[in-house]
Amino acid sequence: MSFFIKGKENPKSAKRGKNTAVPKRKAAGGSVEVRAKKPSSKYNEEISSDSEAESSTVPKKKKTNEDIEYEETPQEKKLRLAKLYLEQLKHEEEDKAEEDAFETDLVAGRLQEEVLEQKGKLQRLIAKDLIPPDASEIRVLRGHKLPITCLVISPDDKCIFSAAKDCSIIKWDVQSGKKLHTVHGGRKGTEDRHVGHTAHILCMAISSDGKYLATGDMNKLIMIWEAETCKHLYKFTGHKGPVSGLSFRKGSHDLYSASHDRSVKVWNVDENAYVETLFGHQDAITGLDSLSRERCVTAGGRDRTVRVWKIAEESQLVFHGHEGSIDSIQLINEEHMITGADDGSLSLWSVNKKKPLSTVKQAHGCHGDAGLEQPHWVASVAALHNSDTVASGSHNSQVTVWKCGQSYRGLERLFSVPVCGFINSLKFSSSGRFLVAGVGQEHRLGRWWRLKEAKNGIYIIPLNRKSSDPEDVEVAQL
């Protein structure tokens, strides 16, 4: 077998026309020896059989690999893609199973928390992480002409509703601080033609779904509004004295009302209907609150009692402890509550004990000349639901935040926020990110004092925490 290998030509020698043909000679062993005729110039070139073999081997290997990849049959390709698809499905099913297990655990945890909340056995330990706010962080919303008497925060924490002695209602946007709606008050004697209140508004409540707003005034009237638009819907009559307390049962549109006529009434707002009346207090009722159970709690003013009304059983529990008129009350959870009185004391209660679990006397200090000191009245209280954090307000120009002890057997002062005026109403936001105070120059129930330097307005107090994540909260089971 003979091989013809074409060698490279020297371009210059080719140009000169010199003969560069390569002779062939068969060597021993069947190999071909290639020898180039040495030209006289410096462009000599020699090509060996070894280098030729190496250079010819490399492209063959590349070609072979390329051919292997290229020569995959359609059946093999389908099989490979099917295997990849099955692997992908397997991974997706594993991820989905993990997600479902996580969601199941999350739902189970939430259900357990709800059960504990229903039983009043859940306590979120928030107080230890709270930091006093700077004065520059407190925002003031002004729009009422007379002292603020009551306020509520919408369930989504986006809006605040406030009412005052000027008979007006204002809906505020929390983020911007702007007025969204205003229901102006009317003059006395215009009740028949004016849509709204014509007497001091003393209390208000909002349903847990944010649908209805209820307000009560000195004219013995309860008015129901559409919370979104502030459109007037109904008017409830029946109380024989000023309406001093309102609360919607959580998760329903059942409304509880309290009055200076010493009665508690139950209403169904969906059906615009009166349900029943409960009697028991011996003096004007000054405050009322409720959560999800079919019961409510009331403060009895000068009869110095706190009462738990079991609506379905038509029974009541009576508690004694304060030495003065009990002016404010708030439920912390289904089993515990906090009250404030004009003797300056602040008390924590359990529905299972007839006496307070803990009492702080002169919670806001005293005022007056030496030897004639009188304690500052506790005009308002608030509780962050299912937590260990409560707040109280008086007319000593301070809102005080308190920490409840283990099992609510103690009250520890955390810090005070300077707010000039009578703190007539206090509410924590649902998220616990801020506290709102309704402030006036006078007490909401009378004109015993007047602080001229105070400003009638809404104070939004931020509740900063040491932890960067507000949801990272330690929970204690009681």
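This is a predicted model: local features need pLDDT of at least 70, side-chain atom pairs count only at pLDDT 80 or more; totals for chains, interfaces and linings use all residues.
Reader: What makes up the secondary structure?

Author: Three helices and 36 strands. As for burial, 46% of the 478 residues count as buried. Of the contacts with a separation of 6 or more, 50% are between residues 24 or more positions apart.

Reader: Why is strand 34 called largely enclosed?

Author: Buried means under 20% relative accessible area. Six of the six residues of strand 34 are buried, so the rest of the structure largely encloses this strand. You can go through them face by face: Gly457, Tyr459 and Ile461 are buried on one side, and Ile458, Ile460 and Pro462 are buried on the other.

Reader: How do you know which strands pair with strand 34?

Author: Pairing needs at least two bridges. Strand 5 (residues 139-141) has three bridges to strand 34, in the antiparallel sense, and strand 33 has six, also antiparallel. Both counts meet the cut-off, therefore both count as pairs. For landmarks, Leu141 has Ile458 as its bridge partner in strand 34, and Val436 stands opposite Ile460.

Reader: Which residues touch the most other members of the largest nonpolar core?

Author: Val399, Val419, Leu426 and Leu435, out of 20 residues in that core. Strand 30 (398-404), strand 31 (411-418), strand 32 (422-428), strand 33 (434-440) and strand 34 (457-462) each supply at least two of its residues. Take Val419: leaving aside neighbours within four places in sequence, Val419 is in contact with Ser397, Gln398, Val399, Val439, Tyr459 and Ile461. Apart from this core lies another, of 16 residues, among them Phe161, Leu221, Trp225 and Ala227.

Reader: On to the rings. Why is the pair of Tyr234 and Phe236 called stacked?

Author: Two values decide it, as a pair of aromatic rings is described by the distance of the centres and the angle of the planes. Ring centres have to lie within 6.5 Å, and planes under 30 degrees apart count as stacked. Tyr234 and Phe236 come in at 6.4 Å centre to centre and 10 degrees between the planes, so the pair is stacked.

Reader: Are those two residues buried or exposed?

Author: Phe236 is buried, at a relative accessible area of 3%. Tyr234 has 21% relative accessibility, so Tyr234 counts as partly exposed, given that buried means under 20%. Ring pairs also link Tyr234 and Phe236 with Trp267 and Tyr274 into a cluster.

Reader: What makes Trp377 and Trp448 edge-to-face?

Author: The cut-off for that label is over 60 degrees between the planes. Trp377 and Trp448 have 65 degrees, with 5.3 Å centre to centre, so they qualify as an edge-to-face pair. Trp377 sits in the loop between strand 27 (374-375) and strand 28 (380-383), and Trp448 in the loop between strand 33 and strand 34, so the pair ties together parts 71 residues apart in sequence. Trp377 is buried, as its relative accessible area is 17%. In total, the structure holds five aromatic pairs.

Reader: Why do strand 14 and strand 17 stand at the edges?

Author: Their sheet is open, with four strands in the order 14-15-16-17 and antiparallel pairing. Strand 14 (243-248) and strand 17 (273-279) each have a single partner strand, so one side of each is left without a neighbour in the sheet. Neighbouring strands here are turned by 20 degrees against each other on average, direction ignored. Six bridges join strand 16 (residues 263-268) to strand 17, and Val264 stands opposite Leu278 in strand 17.

Conventions:
Residues are numbered from 1 along each chain as its sequence is written. Side-chain values use heavy atoms; hydrogens and water are left out. A nonpolar core is a set of buried Ala, Val, Leu, Ile, Met, Phe, Trp, Tyr and Cys residues joined through side-chain atoms within 4.5 Å. Buried means under 20% relative accessible area, exposed over 50%, partly exposed in between (1.4 Å probe, protein chains only). Contact means heavy atoms within 4.5 Å. Rings of Phe, Tyr and Trp (its six-membered ring) pair if their centres lie within 6.5 Å; planes under 30 degrees apart count as stacked, over 60 as edge-to-face and the rest as tilted. Axes are lines fitted to C-alpha atoms, for helices over the stretch in contact, and angles run from 0 to 180 degrees between N-to-C directions.
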